[in-house]
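Please study the sequence and the structure before reading each solution.

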Amino acid sequence: MLRFRTMCGGLKLLGIRRTSTAPAASPNVRRLEYKPIKKVMVANRGEIAIRVFRACTELGIRTVAVYSEQDTGQMHRQKADEAYLIGRGLAPVQAYLHIPDIIKVAKENNVDAIHPGYGFLSERADFAQACQDAGVRFIGPSPEVVRKMGDKVEARAIAIAAGVPVVPGTNAPITSLHEAQEFSNIYGFPIIFKAAYGGGGRGMRVVHSYEDLEENYTRAFSEALAAFGNGALFVEKFIERPRHIEVQILGDQYGNILHLYERDCSIQRRHQKVVEIAPAAHLDPQLRTRLTSDSVKLAKQVGYENAGTVEFLVDKHGKHYFIEVNSRLQVEHTVTEEITDVDLVHAQIHVTEGRSLPDLGLRQENIRINGCAIQCRVTTEDPARSFQPDTGRIEVFRSGEGMGIRLDNASAFQGAVISPHYDSLLVKVIAHAKDHLTAATKMSRALAEFRVRGVKTNIPFLQNVLNNQQFLGGTVDTQFIDENPELFQLRPAQNRAQKLLYYLGHVMVNGPTTPIPVKADPSSTDPIVPVVPIGPPPAGFRDILLREGPEGFARAVRNHQGLLLMDTTFRDAHQSLLATRVRTHDLKKISPYVAHNFSKLFSIENWGGRLTCGTEPDRNWAPSVARPLETLKRSWRQFCEVAKENGMDVFRVFDSLNYLPNLLLGMEAVGSAGGVVEAAISYTGDVADPSRTKYSLQYYMDLAEELVRAGTHILCIKDMAGLLKPAACTMLVGSLRDRFPDLPLHIHTHDTSGAGVAAMLACAQAGADVVDVASDSMSGMTSQPSMGALVACTRGTPLDTGVPLERVFDYSEYWEGARGLYAAFDCTATMKSGNSDVYENEIPGGQYTNLHFQAHSMGLGSKFKEVKKAYVEANQMLGDLIKVTPSSKIVGDLAQFMVQNGLSRAEAEAQAEELSFPRSVVEFLQGYIGIPHGGFPEPLRSKVLKDLPRVEGRPGASLPPLDLQALEKELIERHGDDVTPEDVLSAAMYPDVFTQFKDFTSTFGPVDSLNTRLFLQGPKIAEEFEVELERGKTLHIKALAVSDLNWAGQRQVFFELNGQLRSILVKDTQAMKEMHFHPKALKDVKGQIGAPMPGKMIDIKVAAGDKVVKGQPLCVLSAMKMETVVTSPMEGTVRKVHVTTDMTLEGDDLILEIE
């Protein structure tokens, strides 16, 4: 209490002290009464309101804020001592333009003076007059001066009378389009419209041709009316490539006027300043003198009081032209304060109190330039989308600070909501240093420290400006942005941490992003990685490949003593057992162990058929072990070249029908790329059974002959269903070894029947060089035979693999733990063992697992035996196919179709003309995947196809060539500049999957850094964990809470990230189904036109049925007091309009459809 009384007393004494400091009147000027100000209202919002509040607090003056209904959560009302609502029921901007409400609040709360800030009412003479009439001082020029300077036409006349040069223009505001047309006829183009009663780029439009005159006049009038309450315009000749130089002036009530030097505001877009510099770089001293003296002369001509700015254009010849006076404080006043050490707001208040400039210590001879200051306006605008304003909630805010950095902001804090109703300015960053270059360096460093998440900002663009050599040289004009397109080559913010939080929150609210076949939680513990020795791994077969090329590699394989193994754990094993769900995260963790301990392996199998969604294989995982890539008929040279560059070595080329033209195409592509060609023969039937005549031993020998003749380095037998019995192995492999004694033979099988180990041993004894195995804990059933079993069975024999058995055990232990993470996808959830009936149904291993899952998910679990039986019949219906992806899927689709519809083979064939067969079956019969051995089944083919077209010869041969350059351009337009060659090829082969992947990673970030349990299940409440983004960058995260549903169908999820509270909003997908929302424009549908930014629809120019041409205006959207014309991207007919006038839209909301 004692302290409180002492403070009160202190304030009272301060008031006495301030009262006693009334200035002595300067000679030769009128004596005015000094009236101290005790309470100031700021009739504005945002950072300028807070800037004035701070100055008032420093002077011991009480502060009052006003706010609109939309600004109840804004910081400026919290920074003031008092805050009052104005404009109840009015539109957001109109609330701050409602003079009666503002005056009423001022009178009711004993406000001595009102500071208008900038924008809104700051240059309205009627507001200054209303303050005066109400007995409240206006912190600014007199109403008459505001009127004269605010009317830019009258200001021109005053400038002319004062002898200040002006740009040719109208003498009064124009009242019609006709007057603008007359002016352009006299002076020619370009011309510029300007709002007569405001600035800041509002209502300002440059017109370059007669055709654009009417549209730009209408838009300028509308913008001026919305921003200033008066749509009056004047028009003048547009000076091209000028510098925009403005001079800060300050006057008192005694006739004293001085300047505080100039600011260079040439870096603009849409006539709005982006970066301001004081003083102007490389400005001729004589020109500086002319500019400042003309500014003071003009101010004296009109009897200017308080702070103001005189603005000029300086052409390339050094001639200057007056353009306007801003009778208020400017946004960029900060840079002047920094270089002159003059607090302009303090000065404004003191002048309004009646003090003179000399008494404030402000004399022209004392004003000196100290160094250089640069101000960057950080706005919530997206430079990549033509600076369209962005709105939303700031999820993360971290500013750049430090020596020489000043921040003026209001809404820049975590949790702040950026609305579409007001200016997009987020924070002003001011850097002060000894010279231009040093200030630019400080500013660049400060901007790099900023972290703003939740809304887009122009920071990447500002960083490009600050690094631009023309800017650093100080030689910029108003065309700087337009003439430097490289400024828009933006480096996107990584935003990794916030994206990961969004992913985790999404999983916590909506469950896993991948469908879960069965309800089984992942293991709560991560697999333990065995100890990896320090240093490089030992040499392996890849070293031979790099040294001697594919031919030398093949010789080394053939000459190797003992059996070589290929480990399929990284691909086919998890495809067969875990539905292809094993993540790169878990593969990378064990890779160093494999590299150090299994260098004697032939290779490690990686996923085939495509580049896995743009993910680049890391050769450092296992640098000495050869890595094969399975390549289907989609193979082509570019794909193979890029795959080889990314670390692939051996390319297993196969075709699901053993269709030779497809195989030869793939082999040629691999050979051209310099890879090891491993041509594969897909195996089916039983060569040891003389009754199985279609796929006889001679069939395989003849096909092998063709492949060897075509130049394969290695020959592979690909037994996808695990049909090779030991006797067949001996017969087939023995025959191949006899026929091709110098050719390496590689055998792939599945262990569905349980005889895989015996079969592979038989192959090895018959002359096979390489057989495929999987880690013990990932082997058996529909996977490959056990690695440990093969290693143990051959140990100490001529077939010894040289692989240490104890290392196999450690490897298996890791995968046993990893497999527990994928419990929801494990085939053992529905299938407890392999089954020897595979010799009858011939279902490939991976498909056997998938069919089992599908049967259970479709309620046919009890009928799986029928599915397998139908698979046999379907296979026979289609002519007894070789069953490998995709032919196996075709057979499987037909089998399930038959079971679902209760059809036998005979019934299906009899009703073939009436039945709607699965699409895959129809396309197979059309010839889309090639011609099967023995031809297509008749009459089934004719019955099903009827008049449908048929493909003759190799599928794809008739397709037009793919323009990869055009595809790359298309991908860059959609996904940004970071499109890689891997991306282009992925998109070429799997366009939908690639698009989904890019959208997923763009939304959720580097989810590969999350462990698998978190990825699938998300964290539990109160769980703490770490996420390593990269070496030396680790996130410490704690999940805190999930909120109830809000009105927008969202839940707020709270985390603690590196000790700081973070929260994200996640749409509850289930709740969203029950709520109505405006549809979004689909990016992939060309004719769907979406809102380019959040805002209000103020004009719709077309209706359903209208014909439109490319570039035609469709509608006008208003946001943050700026109007944007949405134009048609194409020619067509408007099919439907989804919006109405005055409708408020979010970004990408569907506006209309064109067809």
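**Exercise 1.** Which residues in H35 meet which residues in H37?

*Solution.* The model is a predicted one, in which local features need pLDDT of at least 70, side-chain atom pairs count only at pLDDT 80 or more, and totals for chains, interfaces and linings use all residues. Residues are numbered from 1 along each chain as its sequence is written, and side-chain values use heavy atoms, with hydrogens and water left out.

Step 1. Locate the helices, which are DSSP runs of H or I with at least four residues, numbered from the N terminus, as strands are runs of E with at least two. H35 spans residues 964-975 and H37 spans residues 991-1004.

Step 2. Apply the contact rule (heavy atoms within 4.5 Å). Leu 971, Arg 974 and His 975 of H35 meet Phe 994, Thr 995, Lys 998 and Asp 999 of H37.

Step 3. Sort these residues by class. The contact of H35 with H37 has two nonpolar, two polar and three charged residues. Here Ala, Val, Leu, Ile, Met, Phe, Trp, Tyr, Cys and Pro count as nonpolar, Asp, Glu, Lys and Arg as charged, and the others, Gly among them, as polar.

**Exercise 2.** Determine how H24 and H25 are oriented to each other.

*Solution.* Step 1. H24 (residues 726-739) packs on H25 (residues 756-766) at an angle of about 25 degrees, and their axes are 8 Å apart. Axes are lines fitted to C-alpha atoms, for helices over the stretch in contact, and angles run from 0 to 180 degrees between N-to-C directions.

Step 1. Angles under 35 degrees count as roughly parallel. H24 and H25 are therefore roughly parallel.

Step 2. The residues of this contact comprise eight nonpolar, two polar and one charged.

**Exercise 3.** In what order do the four strands of the open sheet lie?

*Solution.* Step 1. Two strands pair if DSSP finds at least two bridges between them. The order is E35-E42-E40-E37, with antiparallel pairing.

Step 1. E35 (1088-1090) and E37 (1107-1108) are the edge strands, each pairing on one side only.

Step 2. E37 pairs with E40 (residues 1132-1137) over two bridges. Lys 1107 stands opposite Thr 1133 in E40.

**Exercise 4.** Which side chain meets Lys 428 in a salt bridge?

*Solution.* Step 1. A salt bridge requires a side-chain nitrogen of Lys or Arg within 4 Å of a carboxyl oxygen of Asp or Glu. By this rule there are 60 salt bridges.

Step 1. The partner of Lys 428 is Glu 47, at 3.3 Å from N to O.

Step 2. Lys 428 lies in E21 (residues 425-433) and Glu 47 in H2 (residues 46-58), 381 residues apart.

Terms used: Angles under 35 degrees count as roughly parallel, over 145 as roughly antiparallel, 65 to 115 as roughly perpendicular and the rest as oblique.
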